[in-house]
Structures are given as structure tokens and as C-alpha cells.
Amino acid sequence: MPRRRTFLRVAATAAAITALLAPSATAVPRPDTVRQGLNALVRTDHLPGALATVTDRDGRTRTYTAGAEDGQVRIGSNTKTFTAVVVLQLVGEGRIGLDTTVDTYLPGLVPGEGIKVRQLLQHTSGLPDYEADVSDAILQRRYLEPRDVLDIALRHKAAFAPGTGWAYSNTNYVVAGLIVQKVTGRPLAEEIDRRVIRPLGLRHTYFPAPGDTTIREPHPKGHHQDAPGAPVRDVTDIDPSAAWAAGQMISTNSDLNRFFTALLAGDLLRPAQLAQMRTTIPLGDSGAGYGLGLMSRILSCGGLYWGHGGDITGYETRGGVTEDGRAANVTVTIDPTDGATTKHVEALVDTALCRSA
């Protein structure tokens, strides 16, 4: 390997000398595939706006925008990773057991027996999801307490017996957030702020207070469309309380990159808990895996990246980080009405991470 590096240096020097001796030669700039991808999301997918922040393995960061200003956005289910980190910190402190039942902390809260904390974080509890039942409340800026949301969810039957399947359910994280509050005696938002946001210096990240329907700092507007071809309307100001521990937070692309980079580097969790978080189960034949509030996805250029992603009325975010320090996060300023657009956003994350390799 040392010879290979030496050869590359010599070759580069020779190329530089040749260029100096041949004034007519001109360098062809490398296409900026990230910018091209963002522009395509706006021009071809007809999204109102798209923005991205990319950090290469040397720590160089670049921010991109197309059709929108950079700034704070609603990060949806990326919130789950913050919640999972707090739960796992409490596991490391011996205050929560991953394989302890929910009933131990919150007796009688959820029906049935035997749902474990680990199953909440990994979506293997079978608890029914409530998302489809609260979309109107979010748009109409109605405040919902976590217990209200749980009552809505539990009108539905369980998807399967605990531990016998996998199904993404926001309800899992509402219950996890309630466990944090019971164990600590403090609001979940305070614990996330004290344990994650402040230690990492995430200056543009916060958990909105009850009744706060705005976004504090400069931000691109969020948009919503009921169906393909329907009118697009401004939904920047909503009440995200229904999402709570599963999706209420606000951040920026750059702060999310910092958060996931620090998480993967072991700055937030003890080794045993980080290893548990990164122990995934496969999601069908997609190549993706789901751990404890953390997802792994395959890169087209080899290896994996780790992150989560999130959708909430007005915004969609996708991104993650690699073992060698690359990071990328892409946000679009609408919650897409079709899966094809989301695949284009995810493909751009892959492009950004592979380009910065």
C-alpha cells in the first residue's frame, strides 16, 4: 500500500509538469452531482425546494440549495433517534432495561403482556400505528397530549404478537418517551436537550414547546399536497405535538450531520449500548436494516451508511453518516405524495456520500 501512495504522488507531479509545458491544455471541472441532483428534484420532480449539507472524510462541508433558502426544518422521524439515544443512555446508567417489559415502568398502559423496551425501539412490539388518524389535527394546529395520541392508536388491533414481526409504528416511540419521563421525572424535551443537544452544541436543534406552531430561525417554507396534481399549500406553521417523541423536533441539515457523526463515533453512548443500537434486523430484501432507532443502508460505492430519515407535514429529510466520517443530509420542502420522489431523495444521499468518498 505505501508504494501505491508513492506512485500516485509521482504521477500527480508528472501530470502537473505536463500541464505547465502544454499551455493549450485545459482542465475539465468535475460535475457537481449533488447540485445537479437537487436541481432535478425541483425541476423534474416539481418540488418547491431542496437543500443539502455534505461533509467529506476530511471534514470539509458544503451546503447546497435549490428553490429554497437554507435553515431550520421539521425533521420528523429523525426525532426517534434522539429519543432512542436518551433511552439507551438510561440503559447504560442501569435505570432502564432493554429486555424489561413496558408494564414494569408503566403498568397497564398498553394492552397485552410482554412488550419489551427493545421491541419499542426496534418496531417489533406489534403496537398499531396512529399516524393516519392525526394528520388533520396536525394541519388544524390541534394540540394533543402523548396520552391522547396513545388512546387514538390503541383503538386499533395489534399488528402481531410482540417479537413475532416488524412493522414501523410511531406508537412505539410515544411509549418510549413516556418511559423516559417516568424514569427521570422530567419532560422528554428537557432530557433530550440536557443529554444530547447541549453536549453536542447543536445550536439550531430543539424540541418545540407545547403550543409552538412556528419555526424559530430562518427556514424554508414547508408545503403539502393532498394528492398528486392537487393544489400545493403552505403548511410551515403546524402543531407537531401528535408526533412528539416520534417526530416533533426541528433542526438543520448541518446539525443532523453533526448529531449522527457524534453518535456513530461513540460520543453519546457507551460501547455496549451503541453496539445494541447498531444491531439490526433486515427490512425485507431492501438491504436496509433497522436497529434501535437507527437504520443502516447499503451504499452503491460500497459499505454502509447509518441514519434514520423523517417525514412530517411540510418536509421530508433523508441522510446519514459513514464509518470514515462522511455525512450527508437532504431535505425537501414538501412531504411527497409518491414513493418515487422519496427514492430520488435517497438516491441523492447515496450520490453525495459516494462523491465525498
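**Close-ups of a predicted model**

**View 1. H46 and R141, two residues with positive phi.** H46 counts as exposed, since its relative accessibility is 64%. (Exposed means over 50% relative accessible area, buried means under 20%, and partly exposed is in between, using a 1.4 Å probe and protein chains only.) Before you go on: this is a predicted model, where local features need pLDDT of at least 70 and side-chain atom pairs count only at pLDDT 80 or more, while totals for chains, interfaces and linings use all residues. Residues are numbered from 1 along each chain as its sequence is written, and side-chain values use heavy atoms, with hydrogens and water left out. Look for H46 in the loop between α2 (33-43) and β1 (50-55). (The helices, H or I runs of at least four residues, and the strands, E runs of at least two, come from DSSP and are numbered from the N terminus.) The phi angle of H46 is near 60 degrees, a positive value in a residue that isn't glycine. R141 also has a phi near 60 degrees, and R141 isn't glycine either. You'll find R141 in the loop between α6 and α7, and with a relative accessible area of 46%, R141 is partly exposed.

**View 2. The largest pocket and its lining.** How many residues line the largest pocket? There are 35, and S77, E131, Y168, D311 and R318 are the ones nearest its centre. (On a 1 Å grid over the protein atoms alone, a pocket is an open set of points with protein on both sides within 12 Å along at least five of seven lines; a cavity is a set where a 1.4 Å probe fits but cannot get out; lining residues have an atom within 4 Å of a point.) The volume of this pocket is about 780 Å³. (Volume here is the space filled by probe spheres set on the grid points, which are joined across faces, edges and corners.) Four elements, α6 (135-139), α10 (244-247), β9 (295-298) and β11 (310-312), each give the lining at least two residues. Sort the lining by class and you get 16 nonpolar, 12 polar and 7 charged residues. (Nonpolar covers Ala, Val, Leu, Ile, Met, Phe, Trp, Tyr, Cys and Pro; charged covers Asp, Glu, Lys and Arg; the others, Gly among them, are polar.)

**View 3. The second largest pocket.** This one has a volume of about 220 Å³. It has 16 lining residues, and A189, F207, P208, P210 and W244 sit nearest its centre. Which helix gives the largest share of the lining? That's α9 (residues 188-200), with 3 residues.

**View 4. The largest cavity.** Its volume is about 30 Å³. The residues around it are T101, V102, D103, V110, G112, E113, G114 and I115. By class, they split into 3 nonpolar, 3 polar and 2 charged.

**View 5. The buried residues of α7.** Helix α7 has P146, V149, L150, I152 and A153 buried. They lie on the same side of α7, because they cover an arc of only 155 degrees around the axis. (The arc is taken from the directions that run from the helix axis to the C-beta atoms.) An α-helix has 3.6 residues a turn, so residues three or four places apart point the same way. The buried residues of α7 pack against α8 and α10. (Contact means heavy atoms within 4.5 Å.)

**View 6. T83 in helix α3.** Is T83 buried or exposed? T83 counts as buried, because its relative accessibility is 0%. Its helix, α3, covers residues 78-92. Leaving out residues up to four places away in sequence, T83 touches Y173, A176, G177, L188, I192 and A245. A polar atom of the T83 side chain lies 2.9 Å from the backbone oxygen of A245. (A polar contact is a pair of N or O atoms within 3.5 Å; within protein, one must be able to donate a hydrogen and the other to accept it, and residues adjacent in sequence count only if both atoms are side-chain atoms.)

**View 7. S169 and N257, two buried residues.** S169 sits in the loop between α7 (146-153) and α8 (170-184), and counts as buried at 1% relative accessibility. The S169 side chain has a polar atom 3.2 Å from the backbone oxygen of P128. N257 belongs to helix α11 (residues 253-264), and at 5% relative accessibility N257 is buried. A polar atom of the N257 side chain is 3.5 Å from the backbone nitrogen of N329.
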